[in-house]
Amino acid sequence: MILTPTFIILISVVFVLVWRFVKTIDNRKWLTLLVSLALTPIAYFYVLYPMINIFSSYHHEKYFNAEAWKETPELRFEMLNNIVNDSTFIGKQKNDVQSLLGQAEWYGWDDNIKENSKDKWNYNLGYKPGALNTFQECIELEFQNNTVVSLRTYQLEKTFE
């Protein structure tokens with residue numbers, strides 16, 4: 001386990017809260033300390049940590065991997081920052097992109113020709129974890145002369161039919 005400043009602060013806050021709660025039950029300091037030390041990790045990992053995961057949009061990030069992209073499409077959002085920040089696909093040819101990402105899932109709308117363009121490839125990245133997240137992450141690659149010139153990310157709202 002990596003001890004980050006955020007983790008140390010959160011575990012300290014949980015310890016103080018557990019200490020104050022246990023102190024209302026018994027005033028013996030040695031007993032309060034032992035019970036608080038035993039209950040703090042339990043309270044952190046079974047109460048606070050799940051609440052943080054439910055109500056925040058934190059997610060793990062991974063480097064782009066073509067095999068993982070094809071095998072687990074629901075976890076593609078984990079590779080999004082790597083793709084965007086490193087400009088992984090800018091300058092690549094259509095056939096290279098197709099071999100890495102597969103066939104485009106849908107084509108994007110082009111206002112110039114008033115229809116879907118085969119030069120705007122869109123891919124679904126899945127939903128970021130979180131109880132309050134209703135948006136599906138998507139990425140659009142735009143081609144000019146069979147070469148990726150731009151990359152755009154956007155979100156689609158989840159609809160229930």
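## Lysine 94 and its surroundings

Lysine 94 is found in helix α5. In this predicted model, the charged end of lysine 94 sits over the ring of phenylalanine 143, at 5.4 Å from the ring centre. Beyond its sequence neighbours up to four places away, lysine 94 touches Lys118, Asp119, Trp121, Phe143 and Asn146. Despite its charge, lysine 94 counts as buried, because its relative accessibility is 17% and the limit for a buried residue is under 20%.

## Confidence of the model

The mean pLDDT of the protein chain is 85, and 94% of the residues score at least 70. Where pLDDT is low, the predicted coordinates should not be read in detail.

## The largest nonpolar core

The largest nonpolar core comprises 17 residues. Those with the most contacts inside this core are Trp69, Val97, Leu101, Tyr123, Ile139 and Leu141. Two or more residues each are supplied by helices α4 (80-85) and α5 (94-101) and by strands β2 (115-127) and β3 (135-144). In soluble globular proteins, nonpolar side chains tend to be buried together.

With residues up to four places away in sequence left out, leucine 101 touches Phe64, Trp69, Lys70, Phe89, Tyr123 and Leu141. A second, separate core has seven residues, among them Phe7, Ile11, Val18 and Tyr44.

## Helix α2 and its cover

Helix α2 spans residues 29-55 and bends by about 40 degrees at tyrosine 44. The buried residues of α2 are Thr32, Ser36, Thr40, Ala43 and Tyr44. Helix α1 (5-25) is included in what covers these buried residues.

## Aromatic pairs

The count of aromatic pairs comes to nine. One of them joins phenylalanine 7 and tyrosine 44 in an edge-to-face arrangement, with 5.3 Å from centre to centre and 85 degrees between the planes. This pair links distant parts of the chain: phenylalanine 7 lies in helix α1 and tyrosine 44 in helix α2, 37 residues apart.

Both partners are buried: phenylalanine 7 because its relative accessibility is 14%, and tyrosine 44 because its value is 5%. Phe7 and Tyr44 also belong to one aromatic cluster together with Phe45 and Tyr49.

## Positive phi angles in two loops

Serine 87 has a phi near 50 degrees, a positive value in a residue other than glycine. Serine 87 is placed in the loop between α4 and α5. Since its relative accessibility is 39%, serine 87 counts as partly exposed.

Asparagine 145 likewise is a residue other than glycine with a positive phi, here near 55 degrees. The loop that holds asparagine 145 runs between β3 and β4 (147-157). Asparagine 145 is exposed, because its relative accessible area is 76%, and the limit for an exposed residue is over 50%.

Terms used. Residues are numbered from 1 along each chain as its sequence is written. This is a predicted model: local features need pLDDT of at least 70, side-chain atom pairs count only at pLDDT 80 or more; totals for chains, interfaces and linings use all residues. Side-chain values use heavy atoms; hydrogens and water are left out. The bend at a residue is the angle between axes fitted to the seven residues ending there and the seven starting there. Helices (H or I, at least four residues) and strands (E, at least two) are DSSP runs, numbered from the N terminus. Buried means under 20% relative accessible area, exposed over 50%, partly exposed in between (1.4 Å probe, protein chains only). Contact means heavy atoms within 4.5 Å. A nonpolar core is a set of buried Ala, Val, Leu, Ile, Met, Phe, Trp, Tyr and Cys residues joined through side-chain atoms within 4.5 Å. Rings of Phe, Tyr and Trp (its six-membered ring) pair if their centres lie within 6.5 Å; planes under 30 degrees apart count as stacked, over 60 as edge-to-face and the rest as tilted. A charge sits over a ring if NZ of Lys or CZ of Arg is within 6 Å of the ring centre and within 35 degrees of the ring normal. pLDDT is the predictor's confidence in each residue, from 0 to 100.
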